[in-house]
Amino acid sequence: VQDVAPNLSSLNPTGRQAVAWRVLVAALAGIESPEVLDCGGGSGTFAVPLAALGADVTVVDLSADALATLTRRAAETGVAERITAVQGDVEMLRDAVGSRGFDLVLAHEILSAVDDVRAAFAQIVAAVRPGGLLSLLSTNPAAAVISRALAGDLPAALAELRAIEGDLAEPGPDAMRALCEEHGLRIESVHGIGIFSELVPGRALDTPAAREALVELDASSSTLSPFAEIAGRVHLLARKPG
Ligand SMILES: C[S@@+](CC[C@H](N)C(=O)[O-])C[C@H]1O[C@@H](n2cnc3c(N)ncnc32)[C@H](O)[C@@H]1O
């Protein structure tokens, strides 16, 4: 694929999604008409721009409303023929998409919504073709502790910390890494997403220079320790052995 034509570049995911977007565009470079599956892809934040890049994208989502928005946005963007919207449950992914393998499977902010994370993850991995890629985006329970404390709600911060200690928090980056390793996937990159944009108050962004600096801060810190470990969200790209 190539980056989106200039008249469509306003579609590209921005803000906290921008780092993950750049990783995916680089990963798909050189693959002609990649086949992509977006699990819980909702209204198409990634699916529509990926289709605009030349990918054939199947979106599986439980929500009929989200899929209706996806279909409308795909039509408005002129990529309707490259998007297949399937109303289905990622916990029964095979029923939704059969046994075909995709070049790239996205599971962005979906594993925190399923009942059985391990079973859903196994189905998601099964949908990646040998040699294909899995793109995972998850919230980071550690960041929830920090943001509650910064908001002045210390009992809530303590409750979030206790949930991590008791293994009751939502599956975060460590759980994602462990699942990838269990399934024999090779982790290619890990990026912290929106490290600073989720911390700075809106009033700090009054000037264009401040907004530009924030984009640069988020991008440059995304792979730097200790910043990446405290990001509100973490993106992980993993490859299935060929
Ligand atoms: C937080 S949104 C994330 C949307 C998109 N992946 C993104 O990152 O912008 C979660 C999406 O997952 C969908 N969803 C939740 N549980 C699901 C399930 N079991 N199977 C399929 N979709 C599900 C919701 O309808 C919603 O569109």
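I started with L62: one of its backbone N or O atoms lies 3.2 Å from a nitrogen atom of the ligand, a polar contact (a pair of N or O atoms within 3.5 Å). The model is predicted, so I kept its rules in mind: local features need pLDDT of at least 70, side-chain atom pairs count only at pLDDT 80 or more, and totals for chains, interfaces and linings use all residues. Residues are numbered from 1 along each chain as its sequence is written, and side-chain values use heavy atoms, without hydrogens and water.

I then looked up G40. A backbone N or O atom of G40 is 2.8 Å from a ligand nitrogen. For D61, a side-chain N or O atom sits 2.6 Å from an oxygen atom of the ligand. I noted that the protein covers 75% of the 590 Å² of accessible area (Shrake-Rupley method, 1.4 Å probe) that the ligand has on its own.

Next I turned to the cores. I read a nonpolar core as buried Ala, Val, Leu, Ile, Met, Phe, Trp, Tyr and Cys residues joined through side-chain atoms within 4.5 Å, with buried meaning under 20% relative accessible area (1.4 Å probe, protein chains only). The largest has 29 residues, and L50, V57 and I83 have the most contacts inside it. Among the elements giving two or more residues to this core are α2 (47-52) and β2 (56-61). α1 gives the most, with seven residues.

Beyond its neighbours within four places in sequence, V57 is in contact (heavy atoms within 4.5 Å) with residues including V36, L50, R82 and I83. A second, separate core of 28 residues includes V86, V105, A120 and L179.

How values were computed. Polar contact = N/O pair within 3.5 Å; in protein donor to acceptor, adjacent residues only side chain to side chain. Buried < 20%, exposed > 50% of the residue type's maximum accessible area, 1.4 Å probe, protein only. Helix = DSSP H or I, 4+ residues; strand = E, 2+ residues; numbered from the N terminus.
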